[in-house]
Amino acid sequence: MLTSGGDAPGMNAAVRAATRAALARGWAVFGVHNGYAGLIAGDIHALHARDVGGIIQRGGTVLGSARSPEFTTEAGRATALANLKQRGIDALVVIGGNGSQTGSSVLTNEGLAVVGVASTVDNDLFGTDVTIGVDTAVNITVEAIDRLRTTGSSHKRAFLVETMGRNCGYIALMAGLAGGAEVIAIPECEIEPHDVAERLRAAYRRGKTHALVVVAEGVKHSAQAIVQHVTEHRDTIGFGLRVTTLGHVVRGGAPTAADRILATRLGAAAVDQLARGAAGVLVGVRGSDIVATPLAEVAGKTKGVNQELLALARVLAQ
Ligand code: ATP
């Protein structure tokens, strides 16, 4: 198995679960260090039950992760496949996000039995409601919002929190909803800086002592552009606006219980799929059920957010 792309809290719980579920079936298990780059370099080591002990609560990934441009080439993948064959390895579990599962799909087409495990803080993967890591990322963002709210109230200030998610606004939307944000800006529903200013102005007039703006990193009008506009019109808005960029903080640290449980279920489910001879799929979750979606349907696609929740957040910001 390998972990690939951006690290996500809960990846270790998935590694632990997949390893022990496979060992329970009497299989030999190997961990690949540093994602697809390690597959090409042959950085592959046996994993035993004790090797994955004490990691369920740890953030990041003990296997390491990397981006590997070489893996997108036919020659790179041929080396990777040869390394697996040489060790007698006949199946691969790929724990990662969108790009990683596109790689899984390509490997499947080249004849390897691959099962993907949905894992990325972005939660943009097609074929699953949620991915490993996103619950932790949402909770860290909510904690930041809560903390900024207390200082904002004391000084009658507005704060803008920029959070992760690449081109997917899921973290910003969910954290904004849970944190009671006045404005949520996400790539799936762009908002102009003058509209942000108008909503802050209205909030000030309604007597709010603070206001929170949550922005996903992939928006067209960046956090800086919004702040510049609000600062230029501060006299008519009432609030000044300060920026906090969370960046990689949202994917660091220990995974939440929800992420550990999801990762545990998906890691074990990946082994179940292989045991059934049903490779070439991504394991994810729909409602409370574990589901498997063909990698060919997942590759290169991204999932949108629930726009109704955005409308609800706006109503509740009154
Ligand atoms: P996250 O979104 O959480 O960062 P990710 O899995 O989307 O995770 P990427 O950097 O997009 O992260 O992809 C990880 C790796 O997957 C790439 O470095 C590359 O090796 C491989 N990969 C991506 N796209 C392809 C592709 N089209 N064909 C083969 N391999 C790919």
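1. An oxygen atom of the ligand sits 3.0 Å from a polar backbone atom of G6, a polar contact in the sense of N or O atoms paired within 3.5 Å. On its own the ligand exposes 630 Å², of which the protein buries 83% (Shrake-Rupley areas, 1.4 Å probe).

2. A word on provenance. This is a predicted model, in which local features need pLDDT of at least 70 and side-chain atom pairs pLDDT 80 or more, while totals for chains, interfaces and linings use all residues. Numbering starts from 1 along each chain as its sequence is written, and side-chain values use heavy atoms, without hydrogens or water.

3. Which residues are closest to the ligand? Among the 18 that surround it, they are R67, S68, S100, T120 and R166; a residue counts if one of its heavy atoms lies within 4 Å. By type, this shell divides into three nonpolar, 12 polar (Gly is counted here) and three charged residues. Helix α4 (residues 98-109) gives the largest share, six residues; helices are DSSP runs of H or I with at least four residues.

4. Now the aromatic side chains: the structure holds two aromatic pairs, meaning ring centres within 6.5 Å. The rings of Y36 and F71 have centres 3.7 Å apart and planes at 5°, so this pair is stacked (planes under 30 degrees apart). Y36 belongs to helix α2 (residues 35-41) and F71 to the loop between β3 (44-46) and α3 (74-86), so the pair ties together parts 35 residues apart in sequence.

Definitions and conventions
Polar contact = N/O pair within 3.5 Å; in protein donor to acceptor, adjacent residues only side chain to side chain. Helix = DSSP H or I, 4+ residues; strand = E, 2+ residues; numbered from the N terminus. Phe/Tyr/Trp six-rings, centres within 6.5 Å; stacked < 30°, edge-to-face > 60°.
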